[in-house]
Amino acid sequence: MVLAELGLKIKDALGKINGAEVIDKKLLDEVLNILGVALMKADVNLKQVAKLQNNIRAKFPEIEEHSGNKRLQVQRLVVGELSGMLSTERKPYVMKKGKQNIIMFVGLQGSGKTTTCTKYAHFYQKKGWKVSLVCADTFRAGAFDQLKQNATKCRIPFYGSYTEMDPVKIAEEGVQHFKKQNYELIIVDTSGRHKQEDSLFDEMKQVSTAINPDDIVFIMDSHIGQACHDQALAFKKCVNVGSVIITKLDGHAKGGGALSAVATTESPITFIGTGEHFEDFEPFDPQTFIKELLGLGNLKGLFEKVKEVVNVENQKKLAENLQKGVFTIRDMRDQYSSVLKMGPLDKVIGMIPGLGNNIIPKGKEKDAQAKIKKFMCMMDSMTDEELDGKKKLNESRMIRISKGCGCVPTDVSDFLEEYNKFAKMVEKMGKFSKGTGMNEMNRNPGMVANKLGSIVPQNVLNQLGGTGNLMNMMKDLGNMEGMEQFAGMAGMGGLGGAGRGRGRGKGKR
Ligand code: GDP
Ligand code: MG
């Protein structure tokens, strides 16, 4: 089962809780069964599935006894235990700025070491580190050429040899070479074998002794499923693995085997590889990962991204407008432009609560992105008065705008429909925050939930995980620093609408 499918299955299991009248042991057992089957189908180790189920069972009585929203608490418990399964006590190595950090990559042949070395170097290079690559793979023909090509593409200095056959010698020389030039990050790519052989492990030990790395990164190919467990154990026994990177978590990997093998290595997963390009590389955090998997979003990550790209002045103005319940086309344009600046939609979509593979189905992100671009083009053709809602678009203006954007007038009315839907919701929200206020949320959550339920359309509410989850999200938002900038999220509503029509047309997944 691929990961997106696993996410949907777990969501289904949790959905049972949302729909139930009473939440008791019987219901919990039912949910845990569905969860267990889904995890096993995704290749998660049997023992770990049992452990997870037992942990949840053991903690359930506490929820039963306490008052409060049981649905939400069970959901939190499940998310917590799933993230726990992907976490380790050991903390990842923290790179030291201004020092020389030597990082050695190990793993079987074809697991993605050379590709990941480059992604890793590229990642830190973008953050301003002085990075370098050493090729100590003398086993595979063409290994040095591959690293050289990658490094050249990313403009990263590299070291290697076509003639020297001793990997230990090259590794030592390479590290010395870059140490002398004060490189902060010296990444050593090593060879692999098809199988876990003694010769590979001997070589790894020797290289490790010679260069004395600060961190040994174990590269694990997610395609091998359950076998990850034994492989991780074998590597762990041989060298001091400090962190794990899981590759090929794109496409049709089951993933569960690799992800849950982290317990075996006792070392944290630090990144995941999600494609062949150097940008297809993401820092890994268990809780964030699980939340994204379940479509609960990654508000923190999104928040950080939004902070990177938004125009603070625009956001302040928007926040004021939202409070008044006013949302102009110009506001919508500002939001869309921020969304486009955040990068390819398939990389940010999972962060948006409720959107991940629900409103915009997986694989359809490019269509949605194209639609946003088309909408942007229309908005760019509007006058200031039209953007600020001082003048309505009449038919002849719609024809004019559509011509300018290479589309038909109905496309412009589609746009206006999306815009109006959202503007209406903002208007109601404005009244809501005036009349109710966030403080009320803590005092009288039931009443607030009812009010919210009457404002947000039911299908959107379902996608956001019900009123309980929505309130939870709003509370999370309230607790974040610099919230005024977060009004940037607002435009996402229109974005969701953009994909929703499409999703419906293609049928339910
Ligand atoms: P090495 O033998 O361990 O150095 O592995 P390579 O870096 O040469 O990678 C083996 C193959 O896996 C290459 O074709 C890579 O493009 C591919 N690869 C590596 N990481 C990923 C990933 O995250 N996703 C996908 N789809 N392919 C990857
Ligand atoms: Mg290689």
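In this predicted model, the charged end of Arg193 sits over the ring of Phe139, at 3.9 Å from the ring's centre. A second contact of this kind involves Lys97, whose charged end sits over the ring of Trp129, 4.3 Å from the centre of that ring.

Trp129 leads on to the contacts between rings. Together with Phe105, Tyr120, Phe123, Tyr124, Phe271 and Phe281, Trp129 forms one aromatic cluster. The structure as a whole holds 17 aromatic pairs.

One of these pairs is made by Phe105 and Tyr120, with ring centres 5.2 Å apart and planes at 80° to each other. Planes over 60 degrees apart count as edge-to-face, so this pair is edge-to-face. The pair links distant parts of the chain: Phe105 lies in strand 1, residues 101-106, while Tyr120 lies in helix 5, residues 113-126. The two residues are 15 residues apart. Are they buried or exposed? Both Phe105 and Tyr120 are buried.

Another pair joins Phe271 and Phe281, with 4.5 Å from centre to centre and 10° between the planes. Planes under 30 degrees apart count as stacked, so this pair is stacked. Here too the pair links distant parts of the chain, with Phe271 in strand 7, residues 269-273, and Phe281 in strand 8, residues 281-283. Phe271 and Phe281 are 10 residues apart. Phe271 is buried, and Phe281 is buried as well.

Back at the cluster, its members include Phe105 and Tyr120 from the edge-to-face pair, and Phe271 and Phe281 from the stacked pair.

Conventions. Residues numbered from 1 in each chain as written. Chains lettered and ligands numbered in written order. Predicted model: local features only at pLDDT ≥ 70, side-chain atom pairs only at ≥ 80, totals over all residues. Heavy atoms only, no water. Phe/Tyr/Trp six-rings, centres within 6.5 Å; stacked < 30°, edge-to-face > 60°. Helix = DSSP H or I, 4+ residues; strand = E, 2+ residues; numbered from the N terminus. Buried < 20%, exposed > 50% of the residue type's maximum accessible area, 1.4 Å probe, protein only. Lys NZ or Arg CZ within 6 Å of the ring centre and 35° of its normal.
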